[in-house]
Every structure is written in C-alpha cells, then in structure tokens.
Amino acid sequence: MNLLYFFKRNCVLLCLLVWITGRVQAGEPRNLLQQQGDVNFVKKVLLAKEKWMPYPAYRDRNAWNLFLGDYKQDLIQEGEKYLTYQWLIVKATDYLEYSRSDSRTIMEEPFNKNLKAISTLFLAEMAEGNKRFMDQLINGVFALCEMTTWSLSAHLSLQQGNNKRFPDHQQNIIDLFVGDVGSMLSWIHYFLKEEFDKENKLISERIRFEIKKRVLDPYMETDRFWWMGFSTNPSQLVNNWNVWCNSNVLQTFALMEEDQEKLAQAVYKTMRSVDRFINYVHEDGACEEGPSYWGHAAGKLYDYLQFLHNITGGQISIFHEPLIKNMGEYICRSYVGNGWVVNFADATARGGGDAALIYRYGKAVNSKEMTAFASYLIKESRDNLKPKEFRDVFRILESIAHNKEVINTAPSLPTASYTWYPQTEFLYVKNVHYFLAAKGGHNNESHNHNDVGTFSLYVDTIPFFVDAGVGTYMRQTFGSERYSIWTMQSNYHNLPTINGFAQLNGANYKSSDARFDNRYNRFSLDISKAYPKEAAVKTWYRTYTLSSKELKIEDAFELTTTKQPHIINFLVAAKPDTVKKGIISLRKEGKEVILHYPYQQFDVEVDTIELTDKKLSSVWGKELYRIKLVAKSTHIKGKYVYTIQKK
C-alpha cells in the first residue's frame, strides 16, 4: 500500500492493552516483514549468538565495567536491598480473588514484587560479578519455575473453557507476563548458565524445561491466541499484545533454541504475526488510546524490529519504511508540556514516555524530532537515566548502552502547529498559550470511551478542560459492565446530552463529515450518529475554532422531536466559580480561564466528582468537576456558542 506524502507529516501508532474490540482495516495488507523474505531467507541470514550478541560475557569483568560505567554502583546498591528478600507466594486464593471481588492487584502485586527482585538481583550480579547475589537469584528463579502459570489472573481466559480465571495446569498459554518472564529467564540463562551449572546443572536445565513448556512449544503448536492475529475474522483486533508478546517470544527463541531449522520457523512465524499488527495500523497514523500506551505498542514494535535487525545482521529490517517512522513520532506530537500529554480513552494525562526508548527508536528511523524530544524529556524532568524497566532485560541493557548519546543530544520540542489525522479523526492544534486536542472517530476504538466529538484544552500547559482517563483496572474495566463506569460515559466528557440521552458504544456510533481547515484552525464534525435513535437527533454539528485569543465552540443541531432539555457537559480540573451570569471562572496554578456561555439559553449546575481511585487521584488530585449547562427550553433546531479564554 503506497502512503501519500501528506501522511509523512503525521504519526502512526496502535496502543492497546487488553480490551478486545473489532475494527475492519480496509485495503490490501502491507506485509512489510514478509516482503523481506520467506522462511528459507530467514534461515540463511540468521546469525549465531556469538555474532549478534552486543553485550559482554559474564566473566569479562573489564568489559562489563566499561559497559556499565556510572551505572555499576547504582545497580549493586539496588541489588543489596534484596539480599534478605523474603520470596512471596502467589496463593491460590489470590487467583480466586479475581472472580470473587473483581480485584486483579491481589494476585499481581506479589508476582510483580518477586519479578522486580529477580531482575534487580540479576543486574546486580552482572554489575559486580563475584556471586554475592547468586543464591538469592537462584531462589527467585526456582520460585518462578514452581508456579503453575506465569500468566496474570485477568488473562487466564486464554485457557480454553477457563471462565473462573484459576490456573489450569494442563494448559500453557502465552500472555503478556508469560512472555515477559520467559524472555527474562532466557537472558538470565544465557549469561549465567555456566555459573548455575557449577552449583547444580538442574538449575539451568529446569529453566530450559519451563521455557520450552510455557513459551517455545505453545507458540509453535497453536495459532489460536487472539493476539497473534491469525484469525480469519476480518474485524479481529490486533493490538499491542501482538508486538509485546512477539518481541518477548523472538528474544526467547533466539536465546534458547539451538535447532536452526526450528529457530527459522519460529522467527518467520513472529514476522507473519507482527505483520498483522502493522497491517492493522490506520494509514493516518493516530493512536487510539494515547501516549501512555506508546511504550507497549510502537515501543514494543521497535524492540521487536531492533532485535530482528540484530539477529539477522540487518538483513531483515523495515526501519526505512515511513510508516514505522511515523509510528514513533506520534509520541512527540501528543506532548503538551510540563509532563502533560493528550489522553483520549484509557490513557493517563501524565508522562511523556521513556526517553531512552524514544531516543533509540528515533535513531533507528533517523528521526531528529524523536531524538531531540527524548533529550528534552530528560532535561525537563532531570531524569538521571536509571533503567525504568524491571521485566524487560533487553530494554534495560539497550538503555544503558545508549544513554550517553541521549545526554549529548540537543533538546527540542516538535515545532508543528497542528497535526491532523483524517482517518482516525484526531486533531492537535497549538499556539503560544493554547493546546487543543479534539476527536471524532467511533465508539468501538481500542480502550474505547464513548467520546465522539470531545476535546481537551490546556492553557500554558495547564489542564483545564480534561478527559479523566481510566481508574485502576478491575474486572468490569474489560467486561460487559465497562460502560457502567463513569469515566467511560459521554456525559463525563466534554459533550452534550441530547434529548436526555448519552452516546452508546459500538462501531456504528460514530462521527460523520469530520474535517479540519488549517487556514482557520477549525475542526467540525457531525456527532449525531454517536447517539441512539431515541435521542431523535438528525444532525449535531460541533465546531472548534482555535485562535491566539480563544477557543470558540459551536453546536448547531436539528432534531426530529423534543423530549428533554439538552445538557452541555464540561469536565474541568479546576473548581468552577459561577458568580456572574454567562461567565464561569476557572483558576489553577496561578492562571485564570473564563468560559463564556449564553446565559439566556442555559442554567448552570456544577457536580463535584470525588476521586477515590488512586490511579485517577494521582493525576488530578482529590476532585474533578463537571459543569452542566442545562438548556432552559427545547427547540427542533438551534445553535449554541461558547468561548474559552485565558484571562
């Protein structure tokens, strides 16, 4: 599929997690990886480990000292904290709790603590090299091998017929964490097998046995895992699970599989699978869920492609493809400033991304925008560049290898005044004081919220009109009760309640006639089709126009009948002051923003939303507020105009 030059200015990303919905990707598949060569070509170009491995052997202490540099003592000190660590048991009732109380965290917390301990001890041993951390590391590895599954309780539905999410010892599945653990243990086995064998050969044999049983064999023996993308259903979602799992699987095979024929078959299967992800990406390049998922989607795609490049000596590489470059550059365009980012759907509004990862991706695709942005993030946050990952050994080692380059790169932010994604219908527009993000799309997007037509507005990088994001994941978050959660509902976005009705979820509930005029920074769309038939709305055109002085919002509508007064909702991060008619004042961090509304047409109500969920309160504080402009009368046709200005 040829990409029009226009799209080179935009960015491509598909950032998803576990919410499985559907979308049809039109057009012929790109199959960029399979175009590189077939399985015979893969077998021909695969290098032996000693030729592609970029890191020194465990016993080469001088090389490790040089490689780690200033990180050596930091890694050792972190490891010392775990010398007396008491390994936690993930109990049977921890898995049962998911069905009992909807809690995922009860099972995930002890598992993650153990994994962090293993990773930290491993890195400390690699840094010091005198076996001081070896016994504790062996204890952690043994504890992992004794677990029935490395899957999370929330993901055990991948086991056939397992609706209660309790581990079935007869079924081995690959989810995000199975892949993470398999990859991590493969790196540990590669570097420390000889040292383990000095203690007892059964240690490394057990690692190899468990990895084969849990990762290598299941991957090759089945195509049924939905994340592989091999379904014949043309609307099957292929999300970040695809590249996340395949990146781990590729590393595991490359490190553990000794049979070159089997290795080539496995590598080629990952290429076929990852092609499904690349084929699924929208042509315009937008991210449906926002930048907080970038590291799991485009970032994991980069990991996969870089590792594939490494093990084939660069013979299989698609970093030159504009699509791959655009997928990376999305993360730069969505950055507002001061740690704030655009956050449609389940994304959080805080965090600019992993600077070291962004830099490496930018270097691979020759994007000065990405490398300069990565340097900016480091200098803005005074990030000391300590590795942030604890399950991803490849990322940790790659970050250490490239961090000096990041520090020495001149920092800057993207200079584009707007980025428009015509297929996904996302728009970012910014000027000296304002950053506007608005969207159309449909209500079956990945990590979807019912939010067709909503917007966010930042003033001097401070969030005023916002999208709440999502709270702590629980069973309802990805189940049939998803839209009972307030953060998912259109009435808690910056959208109208029409004739008493909110938007509904599903691909048929969508925008139409979305367009952007860059001459006037004007975005308009008809959001009527996002509402149920009962709303009796023929058209509802919403228009956003951003100037250097204000954001102007217009709602022009036509109904088939009137039922209830319309309500225009605004979700804001500052407490509204409604003292004056027609004016609502918002004050935050020393700034004041005024919402002007036609008081002849509306009464005003304000709801205080207490944020008891830690994930939400960590971003927004104790409260958000919902402004409700309640129409004083109902009409078949009408027009409302509101303006937002910095005072």
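Strands β7 and β8 form a hairpin with two residues between them. Asp460, in the turn, has a positive phi of about 50°. Strands here are DSSP runs of E with at least two residues, and helices are runs of H or I with at least four, both numbered from the N terminus. The model is predicted: local features need pLDDT of at least 70, side-chain atom pairs count only at pLDDT 80 or more, and totals for chains, interfaces and linings use all residues. Residues are numbered from 1 along each chain as its sequence is written, and side-chain values use heavy atoms, with hydrogens and water left out.

Strand β7 covers residues 455-459 and strand β8 covers residues 462-465. The two run antiparallel and are joined by three bridges. Two strands pair if DSSP finds at least two bridges between them. Leu457 stands opposite Phe465 in β8. In general, strands of a sheet pair through backbone hydrogen bonds, either parallel or antiparallel.

An open sheet has eight strands, in the order β11-β12-β13-β14-β21-β18-β17-β16. Its pairing is antiparallel. The edge strands are β11 (512-517) and β16 (576-577), and each pairs on one side only. Within this sheet, β18 (residues 591-596) and β21 (residues 637-646) pair in the antiparallel sense over four bridges. His596 has Thr643 of β21 as its bridge partner.

Positive phi values also occur elsewhere. Most residues other than glycine have a negative phi. Asp513 has a positive phi, near 55°. Asp513 lies in strand β11. Its relative accessible area is 34%, so Asp513 is partly exposed. The classes are buried (under 20% relative accessible area), exposed (over 50%) and partly exposed (in between), with a 1.4 Å probe and protein chains only. Asn366, which is not a glycine, has a positive phi of about 60°. Asn366 sits in the loop between α14 (355-364) and α15 (368-381). With a relative accessible area of 59%, Asn366 is exposed.

Asn499 lies in the loop between β9 (496-497) and β10 (506-510). Asn499 counts as buried because its relative accessibility is 0%. Residues touched by Asn499 include Ala535, Ala536, Leu559, Thr561 and His566, leaving aside residues up to four places away in sequence. Contact means heavy atoms within 4.5 Å. Asn499 and Val406 are 93 residues apart in sequence, and their C-alpha atoms are 54 Å apart in space.

Two helix pairs were examined. The axes of α7 (residues 134-146) and α8 (residues 176-199) come within 11 Å and cross at roughly 130°. That makes α7 oblique to α8. Angles under 35 degrees count as roughly parallel, over 145 as roughly antiparallel, 65 to 115 as roughly perpendicular, and the rest as oblique. Axes are lines fitted to C-alpha atoms, for helices over the stretch in contact, and angles run from 0 to 180 degrees between N-to-C directions. The crossing of α7 and α8 is left-handed, meaning that the near helix is turned anticlockwise from the far one by less than a right angle. Met134, Leu137, Ile138, Val141 and Leu144 of α7 meet residues of α8 including Val181, Met184, Glu195 and Glu199.

The axes of α11 (residues 260-280) and α12 (residues 298-311) come within 12 Å and cross at roughly 145°. This crossing is left-handed. Among the contact residues are Val267 and Phe277 of α11, and Leu301 and Tyr304 of α12.
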